[in-house]
Amino acid sequence: MSVLPANIQDRDGARGLLQSARRRFPFIKKIFADAGYQGPKMAQTVEATGRWKIEIVKRSDLKGFVVLPKRWIVERTFAWISRNRRLMRDFERYATSVAGFIRLAMIRLMLKRLTRASVCS
């Protein structure tokens, strides 16, 4: 996890994040990102850090609710995380504390799914 100061654009601070992610997750082949990460500078950064491909998921110009491919995965995950009372609001002072609680929330979610009784046929 990486937290940048407000005066640094996301795409400018992505190099360090992608380099550390490359070491931890070598099996990832494609990165989905929002429009804040588009442009030639980001494309060069992605190419420099490995064999990844970046796909920009843009918002729809249609009126009303439209499910966007891949973008709903992030929104759904945020909804799952926010069910934990501690993560519902920004109570934490340090980014490392938030990262730890997010990790605990996701571990809890995974354990719940793994221990669910399976239906045998």
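Alanine 33 has isoleucine 56 of strand E2 as its bridge partner. The model is a predicted one, in which local features need pLDDT of at least 70 and side-chain atom pairs count only at pLDDT 80 or more, while totals for chains, interfaces and linings use all residues. Residues are numbered from 1 along each chain as its sequence is written, and side-chain values use heavy atoms, leaving out hydrogens and water.

Strand E1 spans residues 30–33 and runs parallel to E2 (residues 53–56), to which four bridges join it; strands are taken to pair if DSSP finds at least two bridges between them. Helices (H or I, at least four residues) and strands (E, at least two) are DSSP runs, numbered from the N terminus. Ile31 and Ala33 form the covered face of E1, and Lys30 and Phe32 the uncovered one. Between E1 and E2 the chain passes through helix H2 (residues 40–48), in a β-α-β crossover that is right-handed, that is, clockwise from the first strand over the helix to the second when the strands point away from the viewer.

Helix H2 also packs against H1, at an angle of about 5° and with the axes 9 Å apart. Axes here are lines fitted to C-alpha atoms, for helices over the stretch in contact, and angles run from 0 to 180 degrees between N-to-C directions. H1 is therefore roughly parallel to H2, a label for angles under 35 degrees. In this contact (heavy atoms within 4.5 Å), Arg11, Asp12, Ala14, Arg15 and Leu18 of H1 meet Lys41, Met42, Thr45, Val46 and Ala48 of H2. By class, the H1–H2 contact has five nonpolar, one polar and four charged residues; Ala, Val, Leu, Ile, Met, Phe, Trp, Tyr, Cys and Pro count as nonpolar, Asp, Glu, Lys and Arg as charged, and the others, Gly among them, as polar.

Within H2, threonine 45 is buried at 7% relative accessibility. Leaving aside residues up to four places away in sequence, threonine 45 touches Ala14, Arg15 and Leu18. Leucine 17, in helix H1 (residues 10–24), is partly exposed at 37% relative accessible area. Buried means under 20%, exposed over 50% and partly exposed in between (1.4 Å probe, protein chains only).

Thr77, Trp80 and Ile81 of H3 meet Ile102, Met106, Leu109 and Arg113 of H4, giving five nonpolar residues, one polar and one charged.

Definitions and conventions:
Parallel < 35°, antiparallel > 145°, perpendicular 65-115°, else oblique.
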